[in-house]
Amino acid sequence: MSNKLAKRNLENSNDIIIDDGSKVYNIKNKRGKVLGNFEFRPSDTNIVERYEKVSKNIDSMQFPEGKDDDLTYRKAEEFIIEQISYLVDADAKESFFSIIGPFSPLASGELYFENVVDAVAKVINKELNVRVKKVQRRMNKYVAKYHN
């Protein structure tokens, strides 16, 4: 289909096309191997509130001591997966936890889910900072004439 035809079909449709800020991120291990990917909107201003809520929920959670009580352990895993899914507004079970379980210990001494939350937080901070700076530059262009 030619670009003109595609554009004409788009103009004639009843679709509303918006930029929702979503991006696809590859999930890689330290060796650079792609393990999966997920899509989310890191510059969504509501994500900061979700991050704070998830952090609070995880901090107040009673973690299982071991795998003695398998039901408690599975419930705790599901809770963590639900919290991270809520944070990124996507299916974290498919994206992150099909790789390894949330409570898998890493060489650093942290649990895998902690590493996931830290990595997502870094993406959020980076994206928000970049976008806020762009908005500030754009707004400065419009308000500069009032500062003289």
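Is Glu78 buried, exposed or partly exposed? In this predicted model, Glu78 is partly exposed, with a relative accessible area of 33%. The close-up views below set Glu78 beside its salt-bridge partner and then turn to other parts of the structure.

**View 1. Glu78 and Lys93 form a salt bridge.** The closest N and O atoms of the two residues are 3.4 Å apart. Glu78 belongs to helix 3 and Lys93 to helix 4 (residues 92–95), so this pair ties together parts that are 15 residues apart in sequence. Like Glu78, which is partly exposed at 33%, Lys93 is partly exposed, with a relative accessible area of 43%.

**View 2. Arg74 and Glu77 pair through their side chains within helix 3.** Their salt bridge has an N to O distance of 2.5 Å. Because the two residues are three apart in helix 3, about one helical turn separates Arg74 from Glu77. Arg74 is partly exposed at 38% relative accessible area, whereas Glu77 counts as buried at 11% relative accessibility.

**View 3. A salt bridge joins the side chains of Asp20 and Arg41.** The N to O distance is 3.6 Å. Asp20 lies in the loop between helix 1 (3–12) and strand 1, and Arg41 in the loop between strand 2 and helix 2, so the pair ties together parts that are 21 residues apart in sequence. Asp20 counts as partly exposed, at 38% relative accessibility. Arg41 also counts as partly exposed, at 27% relative accessibility.

**View 4. The structure holds six salt bridges.** Among them are the pairs Glu78 and Lys93, Arg74 and Glu77, and Asp20 and Arg41. Side chains of opposite charge can pair when their charged atoms come close.

**View 5. The largest nonpolar core has 26 residues.** Phe40, Ile84, Phe96, Phe97 and Val120 are the residues with the most contacts inside this core. Two or more core residues come from each of the following elements: strand 1 (23–28), strand 2 (34–40), helix 2 (46–59), helix 3 (70–88) and helix 5 (112–143).

Terms used
Residues are numbered from 1 along each chain as its sequence is written. This is a predicted model: local features need pLDDT of at least 70, side-chain atom pairs count only at pLDDT 80 or more; totals for chains, interfaces and linings use all residues. Side-chain values use heavy atoms; hydrogens and water are left out. A nonpolar core is a set of buried Ala, Val, Leu, Ile, Met, Phe, Trp, Tyr and Cys residues joined through side-chain atoms within 4.5 Å. Buried means under 20% relative accessible area, exposed over 50%, partly exposed in between (1.4 Å probe, protein chains only). Helices (H or I, at least four residues) and strands (E, at least two) are DSSP runs, numbered from the N terminus. A salt bridge is a side-chain nitrogen of Lys or Arg within 4 Å of a carboxyl oxygen of Asp or Glu.
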